[in-house]
Amino acid sequence: MIPLDALPTPALLVDLDRLERNIADMAGAFAAAGVALRPHVKTTKCWEVARRQLDAGAIGFTCSTAAEVAWLQSRGVGDLLWAHIPIGPRKVAFVVDALLRHGGGLTVSLDSVEAARPLSAAAAAAGVTVPFVLEVNTGHARLGVEPSTAVAIAAGIAALPGLRLRGVLTHEGHISASADRAALESAGAAAGALLVSVAGDLRTAGHEVEIVSVGSTPGATSTPFVPGVTEGRPGTYVYYDANQTRVGSCTLDQCAQTVLARVASVQRAGRPIIDAGIKAMSSDAIAAAGSVGLVLDRPDVVFAEANEEHGFLLDGGAMPLAVGDLVRLVPNHACGTTNMWSHLYAVRGDHAVERWEISARY
Ligand SMILES: Cc1ncc(COP(=O)(O)O)c(C=O)c1O
């Protein structure tokens, strides 16, 4: 047990009480609705967290990179959904090899015949079948076929050898831009309903559709619970973050991930400089959020700007911060912050109780 005061700064902390509550609450909501929970692992990249999510009933994980897939397979996790297009010879070879070595347990995502062709050729040559879901654009306009083209594109991909359609997938990330929480929830439900209707079109066209997969933390209270959706893939919920407080997915006291930093200088009145900057927090969403993150227990202090290893605070002056003071910062985006670190401290109260490795970073 190390008191926070004795930790190096900056340090990445995860509050265990909050983490355990976030895991239990999401698992409980999904179990009550009979919807499978497949968390996105990119938020944590940490086996100690992933293990707790599996223990609470997660069916497996969503991954965004080959490194995440390889890492979880090495840990024996047998149900992974790689929610990205396996494009280029290295990723194609990786998918085929992963399926051969582990005897299955991996489903990939596709949204075009062009991207599917090399995968099909490699799979057919190796004598394996690659299970895939068709990604559908329900409004985020990133990956995904348009709903009206889904049947034709699914038919084109499914006709290729070595590939097997398992279902449909969407990421309803666009709903965060809604005007308020009620609008966000109805946009989430609309995205779920659109995906379910595409699944229906595919079934009518003769395909078996066993997976109807939605996924985001803002949508986790609406999209997965549309009848016909089979699984949800929230990731950020496990830590939450400042952005999620802004869209009403959580309150500040649910945020489990913080960066511990110290005031290094107060040479300019009202502008304390801390020893955590962009390399501790990531620069995700600073412009949109108007700050680098939130300062825990000090709503009067604004984390206004950051250089690489320096943070600029604006101190309201009610209780001026002094050189050497500790602050705890809630990042704008938990997933981006995770990717900056190689380990974190698991914290109970004001003591670090364990040091956990962060895996599968670039
Ligand atoms: C494909 C996909 N699924 C699920 C998620 C999880 O969403 P969130 O980070 O809002 O929990 C993401 C996040 O970017 C994603 O890209």
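In this predicted model, the shell around the ligand is made up of seven polar, three nonpolar and three charged residues. These 13 residues surround the ligand, and the closest of them are Arg142, Thr217, Arg233, Gly235 and Thr236.

Threonine 217 places an N or O atom of its side chain 2.6 Å from a ligand oxygen atom. Lysine 42 also faces a ligand oxygen atom, with a polar side-chain atom at 3.1 Å. Arginine 233 pairs instead with a nitrogen atom of the ligand, which is 3.0 Å from an N or O atom in the arginine side chain. The ligand taken alone would expose 390 Å², and the protein buries 89% of that area.

Turning to individual residues, two buried ones are worth a look. Threonine 223 belongs to the loop that links strand S9 (211-214) with strand S10 (231-232). Its relative accessible area is 0%, so threonine 223 counts as buried, the cut-off being under 20%. Between threonine 223 and leucine 195 there are 28 residues of sequence separation, and their C-alpha atoms are 9.8 Å apart in space. Serine 359 is located in the segment that follows strand S18 (351-357). Serine 359 is classed as buried because its relative accessibility is 12%. The side chain of serine 359 makes a polar contact of 3.4 Å with the side chain of tryptophan 71.

The backbone also holds a few points of interest. Most residues other than glycine have a negative phi, and most peptide bonds are trans. Against that background, the bond between threonine 9 and proline 10 is a cis peptide bond, with omega about -5°. Proline 10 lies in the loop between strand S1 (2-3) and strand S2 (11-15).

Positive phi values are found at alanine 141, where phi is near 55°, and at aspartate 297, where phi is near 65°. Alanine 141 is part of the loop between strand S7 (130-135) and helix H6 (150-158), while aspartate 297 is part of the loop between strand S13 (293-295) and strand S14 (301-306). With a relative accessible area of 58%, alanine 141 is exposed. Aspartate 297 has a relative accessible area of 69% and is therefore exposed as well, the cut-off for this class being over 50%.

Methods: Residues are numbered from 1 along each chain as its sequence is written. This is a predicted model: local features need pLDDT of at least 70, side-chain atom pairs count only at pLDDT 80 or more; totals for chains, interfaces and linings use all residues. Side-chain values use heavy atoms; hydrogens and water are left out. A residue is near a molecule or strand if one of its heavy atoms lies within 4 Å of it. A polar contact is a pair of N or O atoms within 3.5 Å; within protein, one must be able to donate a hydrogen and the other to accept it, and residues adjacent in sequence count only if both atoms are side-chain atoms. Accessible areas come from the Shrake-Rupley method with a 1.4 Å probe; for residues, only the protein chains shown count as cover. Ala, Val, Leu, Ile, Met, Phe, Trp, Tyr, Cys and Pro count as nonpolar, Asp, Glu, Lys and Arg as charged, and the others, Gly among them, as polar. Helices (H or I, at least four residues) and strands (E, at least two) are DSSP runs, numbered from the N terminus. Buried means under 20% relative accessible area, exposed over 50%, partly exposed in between (1.4 Å probe, protein chains only).
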